[in-house]
Amino acid sequence: MNPINNLTDLTVTEFCEVTASEAPTPGGGSISALSGALAASLAEMVANLSLPKDGSPSPEFLAIKEKANSLQSRLLILVEKDAASFDSVMAAFKLPKATEEEKQQRKEKIQKALKLASKVPLEVALVSTEIFELIPRLLEGNQNAITDAMIAAMNARNAVLGALLNARINLGSIKDDAYVKAALRNIEESEKMARESEEALLAIGYKKLSKE
């Protein structure tokens, strides 16, 4: 089984088996993107459950449903994209280095691949962050699905923080100081936002649960 091609076409069992194997991909980056996709899926489910049973219009929950579905699709693409970007890094490290010219070309391609491998998880984090915006209204929706909305928030946090860990490790090997400093500032801000967003949303959810 190829660990990179068509990851999202695998069964859950197959995906877990490939992840558990000695193959380097899928790894933490793809798992983070998948966590985000699952968070978006849960958000869409809660939106569906919050639609009026009589079929009357509910533009707000319909909009959330459509947004969540779009985020899920984007994150599933990033599951594949993260694995492919890591494969590019591995391929660059395997390039020949017998001559000075080959060494220079290898260095340049490694740096280019590492930048891509840092940009993909940053994109995962950015997309996953949008899930937090959907959850406050979902917590006001179908009250039987409060915990599903809360778990969506938890998975969105995991997606953001996990993706940013992957970005950090790739940044450690990038020689472009200006790029690294800018990326680290972005990472620190995103990490703080994800933690605070999850905490605030869970507080709302637990308060609602305590009143049941």
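Me: What places Thr129 in a helix, and which one?

Reply: Thr129 belongs to helix α4, residues 100-132. A helix here is a DSSP run of H or I with at least four residues, numbered from the N terminus. The model is predicted, so local features need pLDDT of at least 70 and side-chain atom pairs count only at pLDDT 80 or more, while totals for chains, interfaces and linings use all residues. Residues are numbered from 1 along each chain as its sequence is written, and side-chain values use heavy atoms, leaving out hydrogens and water.

Me: Why is Thr129 called buried?

Reply: Its relative accessibility is 17%. Buried means under 20% relative accessible area, with over 50% exposed and the range in between partly exposed (1.4 Å probe, protein chains only). Thr129 therefore counts as buried.

Me: What lies 2.7 Å from a polar atom of the Thr129 side chain?

Reply: That is the backbone oxygen of Ala125.

Me: Which residues does Thr129 touch, leaving out those up to four places away in sequence?

Reply: Val160 and Met193 (contact means heavy atoms within 4.5 Å). Met193 is also among the α7 residues that meet α4, and Thr129 is among those on the α4 side.

Me: What makes α4 and α7 roughly parallel?

Reply: α4 and helix α7 (residues 177-210) pack at an angle of about 25°, with their axes 11 Å apart. Angles under 35 degrees count as roughly parallel, over 145 as roughly antiparallel, 65 to 115 as roughly perpendicular and the rest as oblique. The angle thus makes α4 roughly parallel to α7. By class, their contact has 7 nonpolar, 4 polar and 3 charged residues.

Me: Why is Ala43 called buried?

Reply: The relative accessibility of Ala43 is 0%, so Ala43 counts as buried. Ala43 sits in helix α2, residues 28-50. Apart from residues up to four places away in sequence, Ala43 touches Ala68, Leu134, Leu138 and Ala152.

Me: How far apart are the C-alpha atoms of Ala43 and Ile131?

Reply: They are separated by 7.7 Å, although the two residues are 88 residues apart along the chain.

Me: How do you know how α2 and α3 are oriented to each other?

Reply: The axes of α2 and helix α3 (residues 59-93) cross at roughly 165° and come within 8 Å. α2 and α3 are therefore roughly antiparallel to each other. The residues of their contact divide into 15 nonpolar, 8 polar and 3 charged.

Terms used: Helix = DSSP H or I, 4+ residues; strand = E, 2+ residues; numbered from the N terminus. Polar contact = N/O pair within 3.5 Å; in protein donor to acceptor, adjacent residues only side chain to side chain. Axes fitted to C-alpha atoms, helices over the stretch in contact; angles between N-to-C directions. Nonpolar A, V, L, I, M, F, W, Y, C, P; charged D, E, K, R; others polar.
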